[in-house]
Amino acid sequence: MRTLYIAAIAVVLLALLVVPFVPQLVYSVFVMKMLCFVLFACAFNLLLGHTGILSFGHAAFFGTGAYVTGQLVKEYGVPTDLGILAGGLVAAALGTIIGALAIRRSGIYLAMITLALSQLVFFFFLQAPFTGAEDGLQRIPRGTFLGVIDLRSDTALYYVVLGIVAAGLWLVWRTVNSPFGNVLRAIREHEPRAISLGYPVARYKVLVFTISAGLAGIAGSLKAIVFQLAALYDVHWHTSGDVILMTLLGGMNTVFGPAVGAALVSALNHYLDPFGAWVTVITGVVFMTCVLAFRQGVVGQLNLWLRSRRTSMTSAKGQRRSHAHQQ
Amino acid sequence: MDIFGIPIQALLGQLMLGIVNGSFYAVLSLGLAIIFGVLKIVNFAHGAFFMLGAFTAFLLAQYMGANYWVTLFIAPLTVALFGMLFEFLFLRRLYGLDPIYGLLLTFSLVLVLEGGFRVAFGSSGQPFATPELLRGTINLGFMILPIYRGFVIAAALTLCLATWFIIERTSLGASLRAATERSELTQAFGINVPRLITLTYGVGVGLAAFAGVLAAPIFHVNPSMGSSLVIIIFAVVVIGGLGSIMGAIVTGLGLGVVEGFTRVFYSEFSSTIVFLVMVLVLLLRPAGLFGREES
């Protein structure tokens, strides 16, 4: 199964690397948007899938990243790379505050609290003088990356986005597969036990909240640079809902399931766009079906299927061997 | 006469507006509290049912020529039946799972309902006439009260008190409370708990729809009228404490008033004051003003 995964990741990576060379097949700006959401969803899943915390306000971090980067790059002429970094850092700081407040309650209360706090952030960006309210922060220059790579070219930008998203995903993978990640899983499975083992659970939760928010902020920053726009929709609670949908659709108990989910939802939105308001209805129905019938998500189901096939194969082999033995 | 440099007329006007909004908050968060108490599901679709109530009233008036009083009765009933069907077909499958799934399922229902109405009616609002009988204003001497707003406050409060009375003081309410505490034992006493649960969901949804019909003449009837409201309702519920019925009513009304006053003194803050109060309450009393600490 491990080789299968490595093969799958290699194929996907290869496909992503050639995207700018096949413009007639797929639009690279669309793939960049998809990549932003891939990072966003994987960052979000650090909380939901790996720690068991449902944040219903992650758009606050995504949007904060977008606005901070947009404002810094546009008005203060900050280099794009530093702008993105700053977007991530401010979002992480916000994540520390919101996380520290929200983890005072758990479960469904926590979801409602994060939702309400993210609404506070939404109103801030609606009313703050620099954000352009309903129009959003427009015409953000793409600038240069590390002072040498000109990001006005879609191809150059594409590889930068791909690189940053890959680094972000690596960080998620590293976090999950570390002693820290093990503690997070322990908290998810049985919080009182984690506490009784002596882990400072609250501190762990705030820390994972911060990491998740920071990465979500970077995803938002990237999106602002790609589209040269930071808009209210980025902080709207609909976006928080979208990222939950992506995660659930891909499979929340996996590391890269949310990435698959994000790709699927972005594709759904992109290709169904001509149907206008129907898109909402269709995503709603997909979401409903997921919650009712496929709670494991696409990757989760695939895992289950592969595992059951493997066990049935090994047990069949074992049976054959025991037959041979009898004869 | 001025208070803190604000004409008393303006102050009272905003106060009244605050009470009207507070009445909506109270009715909606009451429904949410009842549903959570019995089903352990946070009904994210509460705002959508509010919208559905307003739209059903609008459609009844527009295409069937129904008068206001008929719609005030029929629209909540229709929406409640729809809610019960939803509970029976879908929500029922999620009991016993993490409440997160209930939240997500009702969230997806919001997408379907809002999207559907946007396809059918567009995003712009539909006007809804104030009923003949309740037009005009009365002069109370110290302020001028539009009759319809007065009616909204009265109707909402009556409804809240009636619901409180049924749950806390009747035998139906007693079996309902028993079902939330010890579901299996209640079943063993011959009470049909699943039906009780469906009925409860219907009542909660009906309350939301009723608020929607009340709101129709005040706001424009449009597909997203409930979605901004539902987040405020969530904050109200966190502040009040999710289990408590009295908490929902008192906090709803109180926050409406607080919001009204904020609009007078510092209007930029009026849309966020509820959330700020929530942060404050969370810091001081994590279980909410009327809530008990969860075990």
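Which residue forms a salt bridge with Lys223(A)? The partner is Asp234(A), and the closest N and O atoms of the two are 2.7 Å apart. A salt bridge here is a side-chain nitrogen of Lys or Arg within 4 Å of a carboxyl oxygen of Asp or Glu.

## About the model

This is a predicted model, in which local features need pLDDT of at least 70 and side-chain atom pairs count only at pLDDT 80 or more, while totals for chains, interfaces and linings use all residues. Residues are numbered from 1 along each chain as its sequence is written, chains are lettered from A and ligands numbered from 1 in the order in which they are written, and side-chain values use heavy atoms, leaving out hydrogens and water.

## Salt bridges within the chains

Let us return to the opening pair. Lys223(A) sits in helix α9 (residues 201-227) of chain A and Asp234(A) in the loop between α9 and α10 (237-250), so the bridge ties together parts that are 11 residues apart in sequence. Helices are DSSP runs (H or I, at least four residues), numbered from the N terminus. Lys223(A) is buried at 12% relative accessibility, and Asp234(A) is buried at 4%. Buried means under 20% relative accessible area, exposed over 50%, and partly exposed in between (1.4 Å probe, protein chains only).

Over all chains, the rule gives eight salt bridges. Among them is Arg188(A) with Glu189(A), at 2.8 Å between the closest N and O atoms; Arg188(A) is partly exposed at 28%, and Glu189(A) is exposed at 54%. In chain B, Arg263(B) meets Glu259(B) at 3.7 Å, N to O. These two are four residues apart in helix α10 (residues 245-265) of chain B, about one helical turn. Arg263(B) is partly exposed at 25%, while Glu259(B) is buried at 5%.

## Where the chains meet

Chain B brings 44 residues to the contact and chain A brings 37, with contact meaning heavy atoms within 4.5 Å. About 3900 Å² is buried between them, 81% of it from carbon and sulfur atoms; buried area is the accessible area (1.4 Å probe) that two parts lose on being put together, summed over both.

On the side of chain B that touches chain A, the elements giving two or more residues are α4 (99-121), α9 (227-240) and α11 (273-284) of chain B. The largest share, 16 residues, comes from α4(B). Between chain B and chain A, the count of salt bridges is zero.
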